[in-house]
Amino acid sequence: MSGIAQDRCGTVEYVKQLRQQNQLRESKEGFERWIDQKRLQRLLRREGRTQATYQIPVVVHVIHNGEAVGSGTNIPDAQILSQLSVLNKDYNRLNADAGNTPSEFLPLAGAFDVEFVMAKQDPEGLATTGIVRTRGTKSSWTMNDNYQLKALSYWPSEDYLNIWVCKLTDFLGYSQFPVSALPGLENSSTNRLTDGVVIAYNAFGSSDDGNFILQNVYNKGRTATHEVGHFFGLNHIWGDDDNACTGTDYVDDTPNQAGSTGGCPTHPRVTCDVTSMFQNYLDYTNDACMNLFTQGQVARMDIVIANSPRRASLTSSHGLNNPSPIANDLGVKEIIRPATGECTGAFGPQFEVRNYGSNVVSSARLRIRKDGAIAETRDFNFSPALENLQSANITFSNVSFTSGTHNISIEILLTNGVADGQSSNNNASRTFDVPNSISLPFFETFNTMPANWDITNPDQDLTWALFNTSTPNGNAARMNFYDYEDHVGELDAIVSPSFDLSSAPAALLKFDVAYAQYGSSTDALQVLLLTNCNTTLEDGVVIYNKSGSALSTASATSSSYSPASSGEWRTEIVDLSQYIGQSNLQLAFVGINDWGNNLYVDNIGLTTSPIADVVASQILQPSPVVCTSQVAPVVRIFNAGTLVNKLTITAVVNGTSYAQTFDNLDIPGNTSADIALNFVTLTAGANQIKITLSSPNGVPDFFPGNNEVEMTAVFDEATEELPTRQRFESSSFGNWVAVNPNGDMSWEIVTVNNDPAIVANAFVSTEGDQAWLVSPLLDFTDINDGLLRYDHSYASRSGASDMLYILASRDCGLTFTDTLFRAGSGTLAKGRTSETSWKPSSDSDWTRNNNVSLSDLAGVTSARIAFVFRSGQGNNLYIDNIEFFLSNNPVLITGGMEIYPTVPVNEPLNVTFDLPDKDEVRIDIIDNMGRVMITYQLENVLNQTYTFDLTQRAGLYYVRATTGSSKVYIDRFIIR
């Protein structure tokens, strides 16, 4: 929807499953056949609805950010009641703007005999206003957070219309569709915990009823009217066909139209050769432009509300009734134990019971069943007796459980020695898992799906399954996000047996992962550590969390992803040393759906043997070009093993060794640390620096093959005075330094179109390799707004991404902390592509006069600029005509010298140069008689502009510039 950052409605995206995935269970067409069947049954039986007005109990969950009630996202009660009023008026066609319905649509307008009522009883049977306020765990929400958002506050969706109001940033609202009652097809998703409507807080309620904080054109409460229409089975009136005029909303009296309608157009608006009904609540127009449902839409909603699961049950919900305590009403309030997971052995099932009745409760008889069989029937006496709404915890005798899935149920048989006054709250049950145990170390390769691991699948939809990857990994556990359209944000977990770290000397988890993004999708993998056999994922400790591009191991693809080679797998490492001493632990590998692409996990291993395995990742300092002979190397170390507290590091510089032992380190597994070494000495020119790691924790390294890292560092003190340029005309880098710290791809001088330039050949390079071109030392002490200009030529190569960085150093090259510019292949290519090694053949293959501001370097005395090209195994990059100006907005001329203005009137005279090389220049101001009136001597002249204040008499004058190389430029000007 144009004009706002949010799209108006996310329901189509939310219920994609009804379009494709439900081919396995219920297609959109199947749902429509069910609707038609119910409609026909009514006609054949001449059924008319004789019951009273449908009543729908509503609970509004306000998910706020901690504001006081009535401010910000914690919207006031009046705003909520305002929205309820809008729903009742709009659905019953009592809306004040019903008169705005065009005359041709008046015979079609329909009223739905429904009343939305704020819930009067909560799920426990207690009085409520129907408003629940909960502080959120995030400051804003998107549809991807669907599961997390709704888990914060939820009432049973078979009894209440749940409406969540929050700071929603991607849509104004979205809804969960109903489904038919065909056998076995009760739900689009059996996860009832997400059924309801989500609305942005600033599109909820009407400005007609108060001064609420609402978006300008979505301030009449019609977002909720629209989304509740989806909740009762209505589609968008254009049929969601992308303007094709071929879609349908399965309602005969809504005209077909091309796409959604934004804003509030003038009636009539003709699309698809018919007059659009853009006033319909199921279009996208501004709130003030909406005013009707059709009779066909009302008939459709009537069928859904009378027959669809979790819709029909709303009309008889206890939430519609005021609480009315009766005598001897004891109820089960909560199952305390078992939890969702329990360890093997015996424990006493524990429950909380509550007196919901009008008299005191002094005794009760209760019975529990284990896996359907009676385990114990027991009388409990309460002393003191339970007053109204008082609770008590009761515990039964120990019951033993072996590993596997079990069920505990409880039933209240007698209250105060008689039958309980209300049976609806007398029963409760819980299914829970008792995990298998596993010895350490363990290694799971998923050759088959392990029987002793559990799969958590809340929506009973797509979940973890075995898949043959056709790579060296073979079978792996796959989470099929590619086809998982429904329930963005849904969690699915594969959970290990329980294990014991109480006496383990170490603990290290390793596993392989493979994943490719679909577009910008952000599917996620989390690894949770569960304690005490508790399988509630929300209670787990997150020990690994990656999503989207960070999770990716292969290039993004729009096809269903399967890893093609061993190179598309990555081994992840998690150090569990901090959990040593604990028992009854489990690992949960949790896939979080963003309807992106497939995720694979394999080779899960947990070892308790200490592993000393450090990796020399990178030499961070010195940089490839420095101006001092004394440098303190900094090396980044990655710990691929268990905790490291001692390490020897040896730096070898040009054959000279410098060794140090660090005794007080604290580097956990799967983490990096940057360690500064003592100063070493460089010689002029190129220096080879090699750093070697040894004896982690005083023992040999587990894998010494990755203990070394090398680089080339150039000690160079060359300086140049600004301005300056480098055109590589003499087939030389001059005072510039070209170096590859790892000795691979480097800048080379070549001739292109009879003109020298430099090239970095990424076409045949190693991915990640870097070619550095570093300037001499530059002094910006008196330069406030300098400019760098250069030309480049590049063509992108499919499936690869190179990067160009222009970096700045403030400490003569010891570190390069400023990124002045960065660009990837797409930006560099400017539309040029080539699948062969790129070489420009004409001027049109070049991008001229790229500008980079140098103003951030003002006042820096020892600056350096570096062009760094990072290979993605893409294509070659050519650079030429690097030039520095003293101004951020230099005057550009075509000759060697230009002056302006040529007719000054009490104005300074400006003289701009563009000399072939830096030179000294003598300026002579000459009158029309040939007399030299003033002379100026200039140094280091190249491309700058000089300003002269002249106090001469009116007349014709000449400017003569004579360079040190005896080149003469003359121009004239007139003073009036």
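I listed the buried residues of α5 as R222, T223, A224, T225, H226, E227, V228, G229, H230 and F231, where buried means under 20% relative accessible area, exposed over 50% and partly exposed in between (1.4 Å probe, protein chains only). I noted that this is a predicted model, in which local features need pLDDT of at least 70, side-chain atom pairs count only at pLDDT 80 or more, and totals for chains, interfaces and linings use all residues. Residues are numbered from 1 along each chain as its sequence is written, and side-chain values use heavy atoms, with hydrogens and water left out. Helices (H or I, at least four residues) and strands (E, at least two) are DSSP runs, numbered from the N terminus.

Which residue pairs with D90 in a salt bridge? I found R222, at 2.8 Å from N to O, the rule being a side-chain nitrogen of Lys or Arg within 4 Å of a carboxyl oxygen of Asp or Glu. The pair joins helix α3 to helix α5 across 132 residues; D90 is buried at 3% relative accessible area, and R222 is buried at 4%.
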